[in-house]
Amino acid sequence: MDYFLSEEQQMIVDIARQITDEKIVPKRAELDEKHQFPREILNEMARADLFGVPIPEEYGGFGGGCLDIVLALEQLGRGCIGVGTAFAASSLGIYPILISGTEEQKRKYLPDVASGKKFAAFGLTEANAGSDASGIQTTAVQDGDEWVLNGTKQWITNGGEAQIYTIVAITDRSKGARGASMFIIEEGDAGFSCGSKEKKMGIRASSTTELIFKDCRIPKDRIIGRRGTGFITVMKTLDSSRPGIAALGVGLAQGALDEAARYAKQRVQFGKPIMAFQAVQHMLADMAIGIEAARALCYGAAKHIDAHPEDMSKVSSMCKVFATDTAMKVTTDAVQVMGGYGYMCEYPVEKMMRDAKILQIYEGTNQIQRNVVGQELNKEYARKK
Ligand code: COS
């Protein structure tokens with residue numbers, strides 16, 4: 001379908017598509033097998049200015065909106081969502097600074113991320129706080145001109161690879177969600193270290209580690225926003241980033257359909273290409289319908305967010321759920337269409353199916369997204385009655 005993209009939007013698609021086809025697709029199996037961080041490919045994306053897409057021009061970026069980042073991530077997702085996740089996590093890591101940071105923090109940190117010279121990461125999750133984002137245990141205590149942090153973050157994307165980390169810690173335990181604050185941590189801060197790289201089912205090109213704080217001392221001006229506003233900044237950050245996860249899902253699903261359809265055209269059984277059989281055609285048709293619906297919702301949500309940034313929670317969660325559930329279904333069906341070949345590591349769809357699963361889990365499980373949509377509906381209909 002033609003979405004009538006502007007010239008600039010089409011340019012973002014073309015750049016991301018070229019990097020995907022020329023750099024990501026030929027390397028993705030090797031990156032997956034070796035659990036290798038795609039530094040070279042990310043450097044290529046930096047040279048193409050893709051890291052600057054979500055960052056305002058005054059801080060060295062392209063000044064793009066939600067739709068621009070969605071378009072880039074959709075293309076990257078078509079190639080490999082492990083690489084796409086490493087890229088997206090850097091944007092996720094700087095959203096708290098963009099949303100609630102001071103002018104000095106923006107000037108200090110954003111240009112290097114926009115140029116791809118430095119990567120960022122976002123630290124919320126802990127062993128006992130995932131869906132319950134306000135249940136974190138990491139603490140930050142003010143001591144003179146410094147904050148002292150203690151605790152451990154778990155499953156942090158870009159851990160060990162990023163140079164800038166935005167993390168949330170409790171500053172006033174008695175105040176619940178109002179007692180959390182966000183901080184900027186720099187690689188090399190005393191008392192801060194990253195754990196060893198986790199072994200994962202999928203998205204193996206991305207790095208996932210613990211962030212460990214043992215009496216980590218940082219200057220007091222590293223707090224993001226006012227003390228006690230951390231939970232709200234986290235929620236706004238996730239609202240901003242979830243359409244990008246949806247876009248990775250749309251791209252991944254498209255990549256899986258492309259593989260399955262190509263295979264169905266050339267695989268001959270009972271004397272005909274299997275594409276000629278209605279059973280296979282119906283599967284491919286359902287895959288294509290799901291992808292186009294997910295894409296339309298994703299672009300529509302992104303346009304809504306660009307026009308109404310104060311009203312993003314519901315549409316952001318809606319597109320994340322729909323597109324990532326679609327990606328899981330389509331990648332599973334792509335393996336089915338390809339049968340025994342689909343199950344073999346020699347073909348890309350088994351990796352796509354393994355990769356898809358994380359999309360339904362990270363940046364808020366799809367059950368949490370449905371809670372968010374449900375709560376927003378609850379508020380809307382209370383106003384309407
Ligand atoms: N934007 C702005 N403010 C928000 C908000 C949003 N999207 N969502 C909640 N808030 C505010 C609420 O308005 C409330 O403010 P007040 O204290 O002034 O009333 C406050 O934040 C607490 O909100 P709520 O009571 O709804 O919080 P809950 O603890 O019930 O949590 C969910 C809500 C479940 C939606 C939240 O914890 C969540 O998103 N969890 C998933 C986290 C996640 O994605 N984890 C994955 C790892 S991160 S990569």
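Begin by selecting the shell of residues around the ligand in this predicted model: sorted by class, the shell holds eight nonpolar, six polar and four charged residues. Altogether 18 residues surround the ligand, and the closest are Ser131, Arg178, Asp239, Arg242 and Gly364.

At Arg178, show the side chain, where a polar atom lies 2.2 Å from an oxygen atom of the ligand. At Ser313, a polar side-chain atom lies 3.1 Å from a nitrogen atom of the ligand. Then display the surface of the ligand, which exposes 1000 Å² when taken alone, and of which the protein buries 65%.

Now colour the helices α7 and α11 (366–384), each of which supplies at least two residues of the shell around the ligand. The helix that gives the most to this shell is α7, with six residues.

Stay with α7 and select residues 230–266, which make up its 37 residues. Follow α7 along to Ser241, where the helix bends by about 30°, and then look for the proline Pro243, which follows within four residues.

Finally, bring back the rest of the protein around α7: is this helix largely enclosed or largely open? Of its 37 residues, 28 are buried, so α7 is largely enclosed by the rest of the structure.

Technical notes
Residues numbered from 1 in each chain as written. Predicted model: local features only at pLDDT ≥ 70, side-chain atom pairs only at ≥ 80, totals over all residues. Heavy atoms only, no water. Expected span 1.5 Å × (residues − 1). Bend = angle between axes of the 7 residues up to and from the residue. Buried < 20%, exposed > 50% of the residue type's maximum accessible area, 1.4 Å probe, protein only. Near = heavy atom within 4 Å. Polar contact = N/O pair within 3.5 Å; in protein donor to acceptor, adjacent residues only side chain to side chain. Areas by Shrake-Rupley, 256 points an atom, 1.4 Å probe, with all protein chains shown as cover. Nonpolar A, V, L, I, M, F, W, Y, C, P; charged D, E, K, R; others polar.
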